[in-house]
Amino acid sequence: MRTISDTLGGLTKAVTRAKGGGSLPVFISDQTQGEGRVRTLGEQVALETRTRTLNPKWFEGMLKHGYEGVRNIETQVTKHLRLVLRRPVTWTPGSTSRSRKTFVLDPAMRERLATLNPASAARVAKPADRGRMSATTGSRMQKRSPP
């Protein structure tokens with residue numbers, strides 16, 4: 001998702017301008033397994049959120065790596081939120097609230113994260129900070145209202 005979040009905004013804006021405005025569908029070619037699949041950006045983000053960020057096998061595996069594992073969890077949560085803020089079409093019902101429940105609202109998990117990496121744990125607790133997201137992405141965020 002790093003490549004998606006780093007280049008997607010600029011490329012999408014350039015094509016949208018060249019076409020005279022309007023919304024632009026974005027597709028991702030996922031070649032990570034087998035024959036590969038083409039998905040919409042929203043489908044790809046939902047898949048990565050489900051199979052990584054919210055997958056207990058993934059985040060428990062990350063926690064076994066201590067400090068660096070918590071940093072990877074924080075990076076994944078931040079990337080997901082960054083994409084949602086940049087491209088609201090990538091938002092799926094409950095994805096951000098499930099991340100919050102898993103990593104912020106669960107006292108035992110919050111303690112585990114803070115023990116292993118206090119700085120990343122604090123960033124996971126405040127990923128929706130618009131100032132931080134704007135600084136992270138270097139762009140102005142769209143405001144999205146829930147459906």
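The accessible surface of this protein chain comes to about 8,800 Å², and carbon and sulfur atoms account for 55% of that area. Such areas come from the Shrake-Rupley method with a 1.4 Å probe, and for residues only the protein chains shown count as cover. The model is a predicted one: local features need pLDDT of at least 70, side-chain atom pairs count only at pLDDT 80 or more, and totals for chains, interfaces and linings use all residues. Residues are numbered from 1 along each chain as its sequence is written, and side-chain values use heavy atoms, with hydrogens and water left out.

**The overall layout**

Let us start with the whole chain. The protein chain has eight helices and two strands, and from the N terminus on its elements run α-β-β-α-α-α-α-α-α-α. Here helices (H or I, at least four residues) and strands (E, at least two) are DSSP runs, numbered from the N terminus.

Of the 147 residues in the protein chain, 40% are buried. Buried means under 20% relative accessible area, exposed means over 50%, and partly exposed lies in between (1.4 Å probe, protein chains only). A contact means heavy atoms within 4.5 Å. Among contacts in the protein chain between residues at least 6 apart in sequence, 59% join residues at least 24 apart.

**The two strands**

Strand 1 (residues 27–30) and strand 2 (residues 37–40) run antiparallel and are joined by four bridges; two strands pair if DSSP finds at least two bridges between them. Six residues lie between the strands of this hairpin, where Gly34 takes a positive phi near 55°. Across the pair, Ile28 stands opposite Arg39, and Asp30 stands opposite Arg37.

In a regular strand the side chains alternate between the two faces of the sheet.

Which residues does Asp30 touch, not counting residues up to four places away in sequence? They are Gly36, Arg37, Arg39, Gln44 and Leu47. The side chains of Asp30 and Arg39 are joined by a polar contact of 2.6 Å. A polar contact is a pair of N or O atoms within 3.5 Å; within protein, one must be able to donate a hydrogen and the other to accept it, and residues adjacent in sequence count only if both atoms are side-chain atoms. Asp30 and Gln44 are 14 residues apart in sequence and 8.1 Å apart in space, C-alpha to C-alpha.

**Helices against helices**

Two packed helices are described by the angle between their axes and the distance between the axes. Axes are lines fitted to C-alpha atoms, for helices over the stretch in contact, and angles run from 0 to 180 degrees between N-to-C directions.

Helix 5 (residues 95–105) and helix 6 (residues 107–116) pack at an angle of about 65°, with their axes 6 Å apart. From helix 5, Thr102, Phe103, Val104 and Leu105 meet Pro107, Met109, Arg110 and Leu113 in helix 6. The residues of this contact divide into six nonpolar, one polar and one charged. By class, Ala, Val, Leu, Ile, Met, Phe, Trp, Tyr, Cys and Pro count as nonpolar, Asp, Glu, Lys and Arg as charged, and the others, Gly among them, as polar.

Helix 6 also meets helix 3 (residues 56–63): their axes come within 11 Å and cross at roughly 35°. Here Phe59, Glu60 and Leu63 in helix 3 meet Met109, Arg112, Leu113 and Leu116 in helix 6. This contact has five nonpolar, no polar and two charged residues.

**Some buried residues**

Here are a few residues to look for in the structure.

| Residue | Relative accessible area |
|---|---|
| Asp30 | 11% |
| Thr78 | 5% |
| Val84 | 4% |
| Asn117 | 1% |

Thr78 lies in helix 4 (residues 67–86), and a polar atom of its side chain is 2.9 Å from the backbone oxygen of Glu74. Val84 is also in helix 4. Val84 and Ser95 are 11 residues apart in sequence and 9.9 Å apart in space, C-alpha to C-alpha.

Where is Asn117 found? Asn117 is in the loop between helix 6 and helix 7 (118–125). The side chain of Asn117 reaches the backbone oxygen of Tyr67 at 3.1 Å. Not counting residues up to four places away in sequence, Asn117 touches Tyr67, Val70 and Arg71.
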